[in-house]
Amino acid sequence: MLSRMRIEFVKMQGLGNDFLVFDAPAVDRPLDSNRLRALADRHTGIGFDQALMLENPRDANSRVFYRIFNSDGNEVEQCGNGARCIAALLYSRAPELGRDVVMDSPGGIVRARVGSGGSVSVDMGVPDFDPRALPMEAAAEALSYSLSIDGAAVNIGAVSIGNPHAVLRVPDVKAPPVETIGPSIERHARFPKRTNVGFMQVVDRGHIRLRVFERGVGETLACGTGACAAVAVGRRDGSLDADVQVDLPGGAARVSWQGAGESVWLTGPATTVFTGSIDIM
């Protein structure tokens, strides 16, 4: 019989986007998708949008290599709010190393700055509008693409922020049936690895409202890469300025993107909710 494995964890959240953060188990007992789904259950497990597993650095210049697992148990490439939470945790563990934190992930190197008062900024890299980066089936790169959803044409912008995003422009963010349109776009045949789906209302050139249906999770209170994707799409089509307040159901983030070839920065709060341990088979 297999012995139980104890995981010491930190429950963290950024704008209501919540995470199970833990160091990779020392024993060779991988957390498979079934175990992760059980831990993600909000009634019988711990509950989270994403699990963030911290491994030893793979790059000499970084403090950690982190992996991201959605609540459906599948591993994904990147998570902006998760990166902010990890940076806050690493700083709290070793403040003597300074407030600038370099981390590595499946989506690439992430640089973070831990501010005062619980605010953390992360460099999410250069937005990539090449459809192959998502990946997305398209003849060529374009400002917008038309998808057929239940017999109707839906126009989207598409961008990779280390993970795939489709962004829809809506007149009122409260109006669209996110729970039905979201999964239809997430699993659309043109996205072979599925996609995150953002619903963006432009209030003015420096302010948007956003809801995000996350791949493998559903609608969440906040999505950091989704906020970056929405601003990148809106800035590229001329709707937004370089610095934008993004109002999400869980609170407000700030996204800054100077334009083509530049990194996009995400800023917002990152807090510890509680710590604990759990024994799993």
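## A buried arginine

With a relative accessibility of 17%, arginine 194 counts as buried, because the cut-off for that label is under 20%. Keep in mind that this is a predicted model.

Where does arginine 194 sit? You'll find arginine 194 in the loop between H3 and S12. Its side chain makes a polar contact of 3.4 Å with the side chain of aspartate 72. If you skip the neighbours within four places in sequence, arginine 194 is in contact with Asp72, Asn74, Pro164, Glu186, Arg187, Arg215 and Gly216.

## One side of helix H3

One of those contacts, Glu186, takes us to helix H3, which covers residues 178-186. Which residues of H3 are buried? They are Val178, Gly182, Ile185 and Glu186. These residues lie on the same side of H3, because they cover an arc of only 100° around the axis.

So what covers them? The cover includes a run of strands: S9 (145-149), S10 (152-160), S11 (164-169), S12 (196-204), S13 (207-214) and S14 (218-220).

## A space inside

Rolling a probe the size of a water molecule over the atoms shows where empty space is left. Here, the count comes to one cavity of 30 Å³ or more. The largest cavity holds about 80 Å³ of space.

What lines the largest cavity? There are 13 lining residues, and Gln50, Gln78, Asn163, Asn196 and Glu214 lie nearest its centre. Sorted by type, the lining has three nonpolar, eight polar and two charged residues.

Technical notes: Residues numbered from 1 in each chain as written. Predicted model: local features only at pLDDT ≥ 70, side-chain atom pairs only at ≥ 80, totals over all residues. Heavy atoms only, no water. 1 Å grid on protein atoms, 1.4 Å probe; cavity = no way out; pocket = protein on both sides within 12 Å on 5 of 7 lines; lining within 4 Å. Points joined across faces, edges and corners; volume = space filled by probe spheres on them. Nonpolar A, V, L, I, M, F, W, Y, C, P; charged D, E, K, R; others polar. Buried < 20%, exposed > 50% of the residue type's maximum accessible area, 1.4 Å probe, protein only. Helix = DSSP H or I, 4+ residues; strand = E, 2+ residues; numbered from the N terminus. Arc of directions from axis to C-beta. Contact = heavy atoms within 4.5 Å. Polar contact = N/O pair within 3.5 Å; in protein donor to acceptor, adjacent residues only side chain to side chain.
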